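Trainee: I'm new to this one. Can you walk me through it?

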Amino acid sequence: MINQSLKRLGFFLPLASAFLGLALLLTDASPLQSLRNNLFDQYQRWYPRININTAVRIIDIDDESLRRLGQWPWPRTRLAQLTDQLQSAGVAAIGFDVVFAEADRTAPRAMADLWSLKGPLRSELEALPDHDQAFAQSISKANIVLGFTVQRGTLTGELSTASATALSHRPFRYIYAGPPPTSWLHTFQSAILARPELESAAKGNGALNFVPDNDGVVRRIPLLLQLADEPVPTLAAEILRVAQGTQNYVLKTQALGISEIKIGQFQIPTTRSGEVWMHYSRESPQRYLPAWKLIAGQIPAEQLKGKMILIGSSAQGLMDLRFSPLGRILPGVEAHAQLLEQITSGHLLQRPGWASFAEIISTLLGCLAIGLIATRSRALIAASTTLALLALVLLSGWYAFREHTLLINTVTPALAFTATFILGSLLHHWMSEREQRWIKQAFSRYVSPNRVSHLIEHPDSMALGGRRQECSFIFTDLADFTSLMESIDPAQAVTLLNDYLDQMIAIAFKHEGTLDRIVGDAVAIMFSAPLTQADHRARALGCAMEMDAFASNYSDTLQAKGFQFGKTRIGIHSGEVIVGNFGGSTIFDYRALGDPVNTAARLESVNKHLGTHICISEATLSGCPDALVRPVGRLVLKGKNRALQVFEPLTEARLANYAPLELYCSAYQAMAQEASSAASDFSVLALSYPHDPLLALHHQRLSKGEKGDLIVMAEK
C-alpha cells in the first residue's frame, strides 16, 4: 500500500506545521503585525471604552475660538490670562499641547524689530511689559507642563537641541527596579524645546510625540522616550506626575524590556518600550471646553476644579490630527487626554508577560492536533476540528479583551491552524489518491480495469439487477494441461500456467475486454459491457486472434524446452444477453446471462472435434467485414436444435499449410449444395494438404456418406 516514506511524511507534517507556527510567532513579521493590529482595532470597534466622567478636560482652541479671538498664534498675554483663569478655578495641572519655541511676535520688542523702529518710539515700546515674561510669571504660579518635540535626525539652527541635558528644568527623577531601559525606549537624537524662560518656569516638560504604526494609526502612546543619552517623559506622563505633586518615575524593567511604570499612585503596565496600549472611547462632547468660553468667563469653576487640563486644538487648519483604531480622525490633544482617562480610571489594556507563552503553547498543540487529524481522518472530521479550534482560539481572544482588557495574539495561531489544515488536507488527499490508485490496481487484478473504472465513475451501477445488452464473448481453454501437471513439478506447472494466463488476460484488457471469469486454465472474456462498444464484434475477433498467436508461440517455445504444453482452443459468439449484478446484499457477481454465453463456450469446445484453433459464429463475423475466414459448416451444438453457421479465422502462417482459400471455398460450396463432386474435391485436397484439419474432417464425413455442410455435434 502506501509506502513508509509517505507514512513518515504524514507523521512529520504536524511537527513541521507546529514549528512553522512557532517561527511565525517568534519572527512576528510586518504582515502578521498588521493583521494582529487590525484584529485589535476590530475589538475596539465592537467594544470601545465606556466613556466615564474622569478628571480630564480639554480646553479646545477650536475653529469658533479662532474666529472670535483671532488666528493662531495668540499673544502670550492671552495665554497668560487663560492660565490664570484655570489656576483660579483650582485645576490640578495644565498641559500645553503646544511648543513655545519662539518669542511672541506680538510682543512690543518684536513689533519694534518688525517695523524697524528707532528713537523714542522704540524706547516706549521696549518699556512695555514683555509678553513672554508675563506668560512665564503665570506659568510659575500654576502646575504647568509645557510641550516639546523630539526628532529622529540632528537639527540645525537656533531651535535645535542635541540632548536631554538641554532640559534645564527637570524636577523629576528615575528610579529603576531592574536594568536601565535605554535600549528599549524609542530613541530620538534631537529636540525642539520651549523658550528657556518658559521651560524653567514650568513644573514639568513633556514630549508631544506619538509613535504610530506603519499605517499611521496611534495604537500605543509612550510614557517615556529616549533623547540621545537619557529618558525624557511625555506630556501625559508629566501632567500625571505634576497633578499628584510627585517627583519620581519608578520603572520596573526585566530582561525583555519595561513591564510597568509607576507615577505617584498609578501603576501603569506598559509594552517593553514603555508604551500604553490605547483603548479609545467614542466622541464625548463633555471632554471638550471651548477656549473662547473660558476666556469669556462662561465656564463655571466647579467644572474645572481638580481637573487635569490639556490645552490644544481641534481646528483642522492647525493640522494636529491623528488616526485612531475606531476609524476616525481625532486631534492629537484628545489622544493625550484619552490616555490620562485610561490611567486615572484604571481601565488599561494589557498584554501580560504570559501571553507569548500561551500563544506558543496553543499554536503548538493546535497545529499538532489539526495536523494529525487532517492526515488521518475524514475531511469532514478534520474540517470540523479545525473550525472548532479556530473558533475556540478566536473567541478566547475576544473574551480576554472584552472581559479582562487583555490583548492576546490569536491571528498567528489561527493562520498556523489554517495552514496546517490546508497542508494536512493536501497530503491526506495525495495519500488517498495514491491509496485509491493502489486499490484500483489491486482490484483490477481481480476485476477487469474497465469494470473498476466504470464502478468508480458510476457508483450507482453497484445496484442489484441487470439490463439487456448485445455483447460478444470469447471462451478459451488449454488442451491437455491436466496431463502436463501430472508429468512435472506442480509448482513449475502453476508458474507456466500463471505466465500463460497473465499474458492472455493482458491481451484481453488491451482490447478493452471485460474479464468474466477464470476457471482453471480457461478464460471467459466479454465485450460491450459494462460500457457499450459499437465495434464489440471486431474487438472480440482481434482479441481472439492475438490470443491465438501468443498461445501458439508460447506452446511452441515450451515444447522446444521439453514441456508438452497443449494448444489453446477459442470460441467467439455474439448475441443479446442480460448483463448486471447478480447475487445478494452480501456479495455481487457481475456477469452476463443468456444463451450466447453458452454458445461461445460450446464453440470453444467444438474445436477439439474440428481440429481448429478458433471458431467464430456468423453473428460475430457480421461485424468484421475485413476478416480472413473460411466456413466450417452449419453446426448443431450439443443440446441445441438450430444450426449455427461457424467459421474459422485464418492467419498467414496457417494458410501456408492449409489449402488455398479459393479451392477450399469452392469445395465447400459444392458440399453445401450437396453436389456429387464434393466428395472427390475434398479427397483430392486432403491428399494434397494433409495438415489442414477441416479438409480431413469433411473428407471423412463425405466418405462415410454424409452430405451437405450440416454437422450435428454429439458431444460438447
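Here is a short chat about the whole chain and one of its sheets.

Mentor: Keep in mind that this is a predicted model.

Trainee: Okay. How many helices and strands does the protein chain have?

Mentor: The protein chain has 24 helices and 27 strands.

Trainee: And what share of the residues is buried?

Mentor: Of the 716 residues in the protein chain, 50% count as buried. The chain exposes about 33700 Å². Carbon and sulfur atoms supply 55% of that area.

Trainee: What about contacts in the protein chain between residues at least 6 apart in sequence?

Mentor: Of those contacts, 75% join residues at least 24 apart.

Trainee: Let's switch to the open sheet of four strands. What is the strand order?

Mentor: The order is β4-β11-β12-β13, and the pairing is mixed. The edge strands are β4, residues 173-177, and β13, residues 266-269. Each of these two pairs on one side only.

Trainee: How much are neighbouring strands of this sheet turned against each other?

Mentor: By 25 degrees on average, with direction ignored.

Trainee: Which helix packs on the sheet?

Mentor: That is α9, residues 235-244. Helix α9 touches β11 (248-254), β12 and β13. The direction of α9 makes about 35 degrees with that of β12.

Trainee: Back to β12 and β13. Do they pair in the parallel or antiparallel sense?

Mentor: Antiparallel, over four bridges. Strand β12 covers residues 257-263.

Trainee: Which residue in β13 is the bridge partner of Lys262?

Mentor: Gln267 is the partner of Lys262.

How values were computed
Residues are numbered from 1 along each chain as its sequence is written. This is a predicted model: local features need pLDDT of at least 70, side-chain atom pairs count only at pLDDT 80 or more; totals for chains, interfaces and linings use all residues. Side-chain values use heavy atoms; hydrogens and water are left out. Two strands pair if DSSP finds at least two bridges between them. Axes are lines fitted to C-alpha atoms, for helices over the stretch in contact, and angles run from 0 to 180 degrees between N-to-C directions. Contact means heavy atoms within 4.5 Å. Buried means under 20% relative accessible area, exposed over 50%, partly exposed in between (1.4 Å probe, protein chains only). Accessible areas come from the Shrake-Rupley method with a 1.4 Å probe; for residues, only the protein chains shown count as cover.
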